[in-house]
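Work through the exercises below with the model open. Try each task before reading its solution.

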Amino acid sequence: MTALTLTRVPGRRWSLPLAWAVLAPILVAAAAPELLAAVSPIAIDPVNALLPPGPGHWFGTDQLGRDLFTRVVHGARPSLLLGLGATVLAVAAGALLGLAAALGGRAADQIVTRVLDILLSLPQLLLALLVITVLGGGVANVVLAIAVAFTPGYARIVRAEALVVRRSGYVEAAKGLGLGRPALIARHILPNAVGPLLVLATVGFGTALIAGSGLSFLGFGVQPPDPEWGAMLAEGRDFLATAWWIGLFPGAAITATVIAVNVLGRAAQRRFTRRTS
Amino acid sequence: MIQVDGLEVSFGAVPAVRGVSFQVAPGECLAIVGESGSGKSVTARALVGLAGDRASVRARAFTFEGEDLTALTETGWRAVRGRRIGLILQDALVSLDPLRTVGAEVAETLRVHRVADRAERPGRVLSLLSEVGVPDPGRRARQHPHELSGGLRQRALIASVLAAGPSLLVADEPTTALDATVQAQILDLLGRLRDAGSGLLLISHDLAAVARLADRIAVMHEGRIVEEGTAAEVLAEPRHPYTRALLAAVPGARATAPRERGPVQLSVEGVFRRFRTPDGHQQAVDDVSFELRAGETLGLVGESGSGKTTVARIALGLLEPDEGRVLLGGRSWSGVRERDRRAGRRRIQAVYQDPLGSFDPRHPVGRILGQAVALTGLPRRERPARVAELLDQVGLPATLLGRRPLEMSGGQRQRVAIARALAARPDVIVCDEPVSALDVSIQAQILDLLAALQRDLGVAMLFISHDLGVIRHVSDRIAVMKDGRIVESGDAAEVFGSPAHPYTKELLAAVSWDRLPRRRPAARASGPGRHGHE
Amino acid sequence: EPSGAGSTSAAPVKGGALTFAADTEPVSFDVHVSSQDITGAILRNVFDSLIAEDAAGKFHPWLAESWEVAPDLKSYTFHLRKDVKFHDGTPFDAEAVKINFDRIADPATKSQLAASLLGPYTGTKIIDPHTVTVEFSAPFAPFLQAASTAYLGFYSPKTIAANAATLGSGGPAGVGTGPFVFTEYAKGRQAVFTRNPGYAWPPKTAVHTGPAYLDQLTVRFLPEASVRVGSLTSRQIDVAAAIPPANAGTIEGNAALTLLNADYPGGNYSIYLNASKAPLNDEKVRKALQRGIDIDTNVKALYFGHFKRAWSPLAPTTPGYNPALENSWPYDPALAGKLLDEAGWTARDADGYRVKDGERLVVDWPLLPAQYVRDQRDILGQAFQADLKKIGVEVKRPQADIGTYLERVYGGKADLADYSWSRFEPDVLWLLFNGASRPQEGGQNATFLNDPDLTKWTDQGRATLDEAVRADVYGRTQQRAVDLALVIPVYTQSQVLGLGKQVRGLTLDANAWPLFYDVWLGKTTQ
Amino acid sequence: MRTLAKRVGAGLAVLYGAATLAFVSLQLIPGDTVSTLLGPATTASAEVRAQIKAELGLDQPPLARYLAYLGRVVTGDLGSSYQLQRPVWQLIGDQLGPTVQLAAAAMAAAVLIALVSAVATAGRRRQVRAAATAWELVAVSLPSYWLGILLLTAFSFQLPIFPVIGAQDLPALVLPALTLALPIAGVLAQVLREGLEAALAQPFAVTARARGLSQTAVRLRHALRHAASSLATLTGWLVGTLLGGAVLVETVFGRSGIGALTLQAVDNKDMPVVMGVVLLSALVFVVISNLVDLLYRVIDPRVRA
Ligand SMILES: Nc1ncnc2c1ncn2[C@@H]1O[C@H](COP(=O)(O)OP(=O)(O)OP(=O)(O)O)[C@@H](O)[C@H]1O
Ligand SMILES: Nc1ncnc2c1ncn2[C@@H]1O[C@H](COP(=O)(O)OP(=O)(O)OP(=O)(O)O)[C@@H](O)[C@H]1O
Ligand SMILES: [Mg+2]
Ligand SMILES: [Mg+2]
């Protein structure tokens, strides 16, 4: 806008590498949990139940004597998949709805915005609960419920973005060059309207993880034996006084992942805005 | 009154101002000119201690009315700002808080410096506003900035700066965003203030504006003052090469004689266009007709909002006229279906005012031009060669192919935009304010490039600008627009020589052609084949 | 015997307010409608019963001074006390009994439990103002036990006339005859009860007579276990129900607190095997499952010894419990393997599961939606899953919504189902094993087998009040159900209560719920 | 006047949609609706089941039920909770107070915390901003039920400062309100700071300082208003988060309120209540977002044009 910038976002020299350093082992755990923890995450050993962290069991053991380190490591994949699955579904549905509204003509816009208005008028948790009331719990349904809860927000962003992009100089310029409508949408409108969303989605990913955990807490979440962090964390709350480690490690894993992804998302956002405005 | 010696400002390790010295006496106007990024604004802000949190400011000497300002604390500065030195910021149109009334902004200065007590303030605000020439100040004071025109906003800003009676006024580009007629009024106002005894430090990249007001001129280049002298001296006998280049870049009248006219390429016949606005309708284009022949340039000039861009979009087939029609190469161009129009699109191309906005921010130059070339139906393997040819035509190196729009300078972007327009080998090019976002020196290069291309390729050009200098420089014929209508048209020389319509007269009167030396033809050597180095 | 924590010699003191934290909140406060344990437990303080049952299963007078049972067990005559008054001053009489029982039986009331406690009820005959005869269309022995529960408690006829439809929402409309008056209910937070000063008709099973000691009883609803335990240890509440076994140690280790442990009567938490379809229609396979699970170790690990492992489908505190079953079918994976071999499941596939005729030995055990899961039964199920894998049986635990779950399990499509059913009465065995207790029609017999013996015995049991006969048929029922491996008893649920040492005289009733009538507050021992 | 009619129309459309959505959800529940309502542990007889079915109108075709339902909703009759045997509007009315109290307290706390955090750190040194960003990120990425349990453990169980018990008095409101507020404050602080920094970067902020205003005065008198208007876009999210968060917070702290009611209703498939809550949320959203719109017009005169 102007050279007169008194305040500028300070470059975060250490936060990006730190975020990657946090995420790297988590990604490895998600890709190949056996590499980090060879034992089965559901192998029980009641004799060694509720051992505090120590040699042999770095994160301690839970009430069935399962090694928590192993469970946290093996929990990476289902947890990330939950976050990712919900986010991908929501982004895809949001993009579709948003674009349909922005590009589909007045009638389509009217219908989609009305529907979005309705969905947006409900708290996300209520939407998720509604889906779960109907479909029941379980990983797939939790993913779906969170996706449904997040879709309207994403759709609205895509719609707004697409409306801006549609009226932008470069779309008009491309039209002036003789580009057809499908090509306009595919090459210019779609990527530019959905781009900002992808950045937002990194933040949404963390939110999805937390939402999943909240559903587990309310008793609607992912059920064992899959060691999913949110469910493990929810489970651990009953042991706060007696075996704090049961909740601490999955909780720390969630918080670390969410913060790291947030930091990366913001960096991407900064880069995106720097590149496009 | 203010004396600055060896002012240095740097941001981190990057120096923005490198040892600038000057002084301003009461009743005197010193103008600092220089291209964008040369450090003018930073200098101005350093004078009130607002160079920025991350700026480190040093000066051998920095005194104001005999007082040393180098050692001033933040509290000390606050007593200086507004009360003794007034700063009119560069971005005049956004320098008033949009959420507060104009009156509140003016009153704030009074309040901060306790110039007037609460009861007196409303009266003072009104008198200040009327002093700077705001009509009906009582109503205006209650309005918000967005309800005011650019000129009024600039005046209100000046009123807020003058409120506490500073003896030195620093005006950073006070007229850039304004129409020519309004510009003249603001400059007059500043002139009156200077005549009343204020010191005036005027900052601009616009020599025309400076020439009108300045007693002395200092030329800044890359953080240094490269030349200083009385206005007459500097304008007439520039010593430093940069000053000369700057002066040479000011567009003069078109040098070449009108050429032979080719066949009619584009004809616009009795076109109307209305837009719906929150409070009714706006007749953006009102019965506009003109025709454009091969090889000629029609200059369309008019103030902001007069409908120029709307005409351009109608001509480009991007907007349907409500009434009237457009013919391209003799065939119907308006009122046809988009599918039928696509074949003809390559015959008429555009260069836009805001090249940045006309490029997909994600696409690198190679892809931007590649897309344009692909649309001409060129076989895939021949495309890279054609892209290279186009780049060469507009004088850009092939190394730019991988750059994205944001990674290029304004001049480079505009050249890419021109290359894109040329890709289709059009018969008509519509240029909508192609140089108004550029520095004067770069402006000249682009104008020369366009002229040379037109000469070589024989295209017809519709050239839109609000800048009379630019229009005069490029046009064979001129059409003057006001409120959606063409109020006057004719050969360039005719219109400039003896304007018939009162509005044209007013427009021309606002520009002080005479204080500027004639443009030297030497500068026209640039053009195709020359590589940009801006 | 469940016993009080305050067996000190100090004399009881009147006065004070006590806060009791419950883990669940009644959905409906209408004892005639609700099927929840918590409803009966809380409202026991507000509603009296015709008779009282002690921990040994003996019946004592309460609102009825005496009673007679017709020899055919088709009618019961009660002689009511004459001095009983509802909280609103209305006298309690035969009319009130009739109005209440008729209300329960009326389908419009939509009773989810009480109506079934009335069984084949046909009506109540008023003999005189203080004598009633309750009549049934078939012999109905369990009625005395049913009549001792809070679910067959009595509302003032006045409140039934005025508020019948809204009794479920709690609060002062719930007018009974009990030692406490329901004064206030804040949904989601608490229910407040105050002493009924005119109370003079406690059951024989109570320690004292006259009004209750406490001025006020507040039931606070704290669903979060950690919050309940934390509130107790920080002395913000006096009594907390449902202490998770994992936290029991914390309370035991606290000098100011006591832990009270009492087994629930009724049906233990057990796994029921669907014997109506392959592969569990083969008794050998069922037996293999029964012996292939290491119940001891897993239950001990998960519940820290606070829940006992079970040997019979009936809990030990229930009358008619068959102790002979104890230790009669220990964990024996070798035997389980042999049984499966005999059943023809000899081959193994790549994953180590047994195969017969190219088909893997898989049992389908649907998982209840998480909000219905208690006591970490899902985790216990994982342990069982792991045990059975060792003997080559794959246990599948599909997740679904409750609708699909009910369709699968109660429609007989699943192989295993797991649940518990508390009630201080061996008649639960009828619910669990009688051929007529078909799940498709509101029954609970998830074995889907109509075994003539089991059906006969459980029918006999409910048709007699003869202790000897009942002990015999119920003992045999338990034995046969285990022998046929229709059931794998897992553990006996237990009420684990935590209370401050200042709480004296707290006893648990036969249903293992705390009774507050005799409770008084002593000096806080710090 | 016309815009008012338009707004009311749009609001009604949202409410109608929400009602329809709730109704459709009920239809989509798989399995036998009555069994589902009753849950697994019941001995309800066939007669009772038939009674419930008739009462819920489940023996009617869906369209007839839908129309009847809409008809009732229009007349303000949200039906009766099957489980609680009370009119839904009465139930909601009873539970509204505590939730409004909680939400209002949380909102106030969140705004206060966010304001302090944002105003104090916007445009400051890197370390200062990093510290602020850090707490905000942690607040945002901590599941709120955990936050609640941790706060309770620290400030009620270990240090007996705030009681769990007297859930309706002021001291007992502190922890739940904070639990609900902190994650919201984290987001608000980020948005506010961004808004403040954007405003401070605007020429008018420099102009104001060039007039002699102090840094703090510029923040408070000029920038804050701009940042506040950037909050307006968050209204929907805020309302949703407050209501949704109430479900978790009310459960942890054992408080009355709409959240607890919702949870119980969802748990028991008490669809009339679920529908009522859906309608209420939509209504609250419509009302609040219109109010904020109006407020926004007061704050930002440019919108009025
Ligand atoms: N806050 C800042 N931080 C870092 N660099 C800055 C800052 N403000 C200005 N600069 C740099 O200082 C140099 C001089 O900028 P300045 O704004 O003074 O140019 P100018 O001559 O006023 O140009 P224009 O004609 O475009 O206004 C530029 O390179 C600019 O990028
Ligand atoms: N899409 C549109 N919708 C509504 N009004 C429009 C639209 N495009 C232009 N206008 C209005 O039509 C009038 C003419 O606009 P136009 O952009 O043609 O002016 P211009 O001469 O190009 O001005 P400038 O020099 O500022 O570019 C203006 O008042 C403008 O607000
Ligand atoms: Mg500048
Ligand atoms: Mg224009």
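The exercises cover confidence, chain contacts, aromatic pairs and a surface patch in this predicted model.

**Exercise 1. Confidence in chain A**

Task: Find which elements of chain A have the lowest and the highest mean pLDDT, and where pLDDT stays under 50.

Solution: 
- Start with the whole chain. Chain A has a mean pLDDT of 82, and 91% of its residues reach 70 or more.
- Go to the elements. Helix α10 (residues 245–276) of chain A has the lowest mean, 81. Helix α3 (residues 68–103) of chain A has the highest, 90.
- Over residues 1–11 of chain A, pLDDT stays under 50. The model still has 26 contacts beyond four places in sequence for these residues.
- Decide how to read them. Where pLDDT is low, predicted coordinates should not be read in detail.

**Exercise 2. Chain contacts**

Task: Of the 5 pairs of chains that touch, which has the most contacts?

Solution: 
- Chains C and D come out with the most contacts.
- Check a pair that does not touch. Chain B and chain C are joined by no contact. Their closest C-alpha atoms are 45 Å apart.

**Exercise 3. Aromatic pairs in chain C**

Task: Classify the ring pair Phe182(C) and Phe193(C), and say which strands hold the two residues.

Solution: 
- Over all chains, the structure holds 36 aromatic pairs.
- Take the geometry. The centres of Phe182(C) and Phe193(C) are 4.6 Å apart, with 40° between the planes. An angle under 30 degrees would count as stacked and one over 60 as edge-to-face, so this pair is tilted.
- Place the residues. Phe182(C) is in strand β8 (residues 180–186) of chain C and Phe193(C) in strand β9 (residues 190–195) of chain C, so the pair ties together parts 11 residues apart in sequence.
- Phe182(C) and Phe193(C) are buried.
- Tyr269(C) is in strand β13 (residues 266–273) of chain C and Tyr491(C) in strand β21 (residues 487–492) of chain C, 222 residues apart. Both tyrosines are buried.

**Exercise 4. A patch on chain D**

Task: Is Val287(D) buried, partly exposed or exposed?

Solution: 
- Locate the residue. Val287(D) is in helix α13 (residues 271–299) of chain D.
- Apply the cut-offs. Its relative accessibility is 42%, so Val287(D) counts as partly exposed.
- Find its partners. Val287(D) forms a nonpolar surface patch with Leu283(D), Ile288(D), Leu291(D) and Leu294(D). Together they have about 410 Å² of accessible area.

Note on methods. Residues numbered from 1 in each chain as written. Chains lettered and ligands numbered in written order. Predicted model: local features only at pLDDT ≥ 70, side-chain atom pairs only at ≥ 80, totals over all residues. Heavy atoms only, no water. Patch = residues over 30% accessible without salt bridge, like charges linked within 9 Å, V, L, I, M, F, W, Y side chains within 5 Å. Areas by Shrake-Rupley, 256 points an atom, 1.4 Å probe, with all protein chains shown as cover. Salt bridge = Lys/Arg side-chain N within 4 Å of Asp/Glu carboxyl O. Helix = DSSP H or I, 4+ residues; strand = E, 2+ residues; numbered from the N terminus. Buried < 20%, exposed > 50% of the residue type's maximum accessible area, 1.4 Å probe, protein only. pLDDT = per-residue confidence, 0-100. Contact = heavy atoms within 4.5 Å. Phe/Tyr/Trp six-rings, centres within 6.5 Å; stacked < 30°, edge-to-face > 60°.
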